[in-house]
Amino acid sequence: MKYAFLTATAVAAVLAASAGAQDRSVSMSGISVDYRGNVDGDGEFSGASVDVSGTFGGDLEVSGGAVDVDAEVGGELEASGGAMDIRGRFDGFAEISGGAVDIEAQFGSDVEISAGALDISDSSRFAGAFELSVGAADLYGTYEGAMDVEFGEMEFGGRALQAVEFEGDKRSGMFRRRDRSELHISGQLEAGGEICAHRVEFRQGASVGGALTVRADSEPSYPTGFDTSNIRFEMRDGDDCD
């Protein structure tokens, strides 16, 4: 396999080579990395600032302090950084880790995300299993596979087609007071599932289409007229969410 090894000191060469590098894989590293191009192979980019746009027939790996990706990727995605903006279409398995992550994308396989803060747009779609560990999140979009989410505070305004497992921060310590997790639901849980958190609120627009067990430190709050027939509430009574 041919590789083009490029640094941020040769940005002009990168841009010039990208148009003719369609049978190659591309690797770039430097302080500031900016790539625009289409390749049949893999892409690997790292730097303090990384901006990648194009199509990749293979895998894409990006890492940096500030990461901006707008790409179509036929293989797997591995992305890590401080502040991250992920857009495009990703056909293979995706692993994303960052401080603050914004996603507006289509994913064709399983996705694993760990983030301090996460924002997923309403136009996003996840075809496979979705696994998330996050401090604070706004989750919109469509989730076709199973959802397994650990969170501190979360707004779920999306559409979950399979049963979900939403789990608030685990309690620990002598007095077990650390968990103050909050879950606000304005989306659709079409197959129900299990929720465990300190506090759970169902908002206008929310619906539950299958059996849902809610474990919390107080009963969930509901908007006027909300259908609770599929919801079974259990008091946590000092237990953790395991």
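Arg125 is partly exposed, with a relative accessible area of 30% (here buried means under 20% relative accessible area, exposed over 50%, and partly exposed in between, with a 1.4 Å probe and protein chains only). Its salt-bridge partner is Glu144, with the closest N and O atoms 3.3 Å apart (a salt bridge being a side-chain nitrogen of Lys or Arg within 4 Å of a carboxyl oxygen of Asp or Glu). This is a predicted model, in which local features need pLDDT of at least 70 and side-chain atom pairs count only at pLDDT 80 or more, while totals for chains, interfaces and linings use all residues. Residues are numbered from 1 along each chain as its sequence is written, and side-chain values use heavy atoms, with hydrogens and water left out.

**Overall make-up**

- The protein has 1 helix and 21 strands (DSSP runs numbered from the N terminus, helices being H or I with at least four residues and strands E with at least two).
- Of the 242 residues in the protein, 44% are buried.
- Among contacts with a separation of 6 or more, 14% come from residues 24 or more positions apart (contact means heavy atoms within 4.5 Å).

**Salt bridges**

- Side chains of opposite charge can pair when their charged atoms come close.
- The structure holds 13 salt bridges.
- One of them joins the side chains of Arg36 and Asp51, at 3.3 Å from N to O. This pair links distant parts of the chain, as Arg36 is in strand β2 (residues 25-39) and Asp51 in strand β3 (residues 43-56), 15 residues apart.
- Arg36 is partly exposed at 35% relative accessible area, and Asp51 is partly exposed too, at 24%.
- Back to the opening pair: Glu144 forms a salt bridge with Arg125. Glu144 lies in the loop between β10 (142-143) and β11 (147-151) and Arg125 in strand β8 (residues 125-126), so the pair ties together parts that are 19 residues apart in sequence. Glu144 is partly exposed, with a relative accessible area of 29%.
- Arg159 and Glu190 form another salt bridge, their closest N and O atoms being 2.6 Å apart. Here, too, distant parts of the chain are linked: Arg159 is in strand β13 (residues 159-160) and Glu190 in the loop between β16 (188-189) and β17 (193-196), 31 residues apart.
- Arg159 has a relative accessible area of 36% and Glu190 one of 35%, which makes each of them partly exposed.
- A network of salt bridges links Asp68, Asp70, Asp85 and Arg87.

**The largest pocket**

- The largest pocket has a volume of about 170 Å³. On a 1 Å grid over the protein atoms alone, a pocket is an open set of points where a 1.4 Å probe fits, with protein on both sides within 12 Å along at least five of seven lines, and lining residues have an atom within 4 Å of a point. Grid points are joined across faces, edges and corners, and the volume is the space filled by probe spheres set on the points.
- Its lining has 13 residues, and Asp59, Leu60, Glu61, Glu76 and Glu78 are the closest to the centre.
- At least two lining residues come from each of β3, β4 (60-73) and β5 (77-90).
- By type, the lining divides into 5 nonpolar, 1 polar and 7 charged residues (Ala, Val, Leu, Ile, Met, Phe, Trp, Tyr, Cys and Pro count as nonpolar, Asp, Glu, Lys and Arg as charged, and the others, Gly among them, as polar).

**Nonpolar core**

- The largest nonpolar core has 60 residues, of which Phe45, Leu118, Phe130, Leu139 and Phe166 touch the most other members (such a core is a set of buried Ala, Val, Leu, Ile, Met, Phe, Trp, Tyr and Cys residues joined through side-chain atoms within 4.5 Å).
- Leaving aside neighbours within four places in sequence, the contacts of Leu139 include Leu118, Phe130, Met147, Met154 and Phe156.

- Val69 lies in strand β4 and is buried at 0% relative accessibility. Beyond four places in sequence, Val69 touches Val52, Leu60, Val62, Asp85, Ile86, Arg87 and Phe90.
- Ile96 sits in strand β6 (residues 94-107) and is buried, with a relative accessible area of 1%.
- Ser80 belongs to strand β5 and is partly exposed at 28%.
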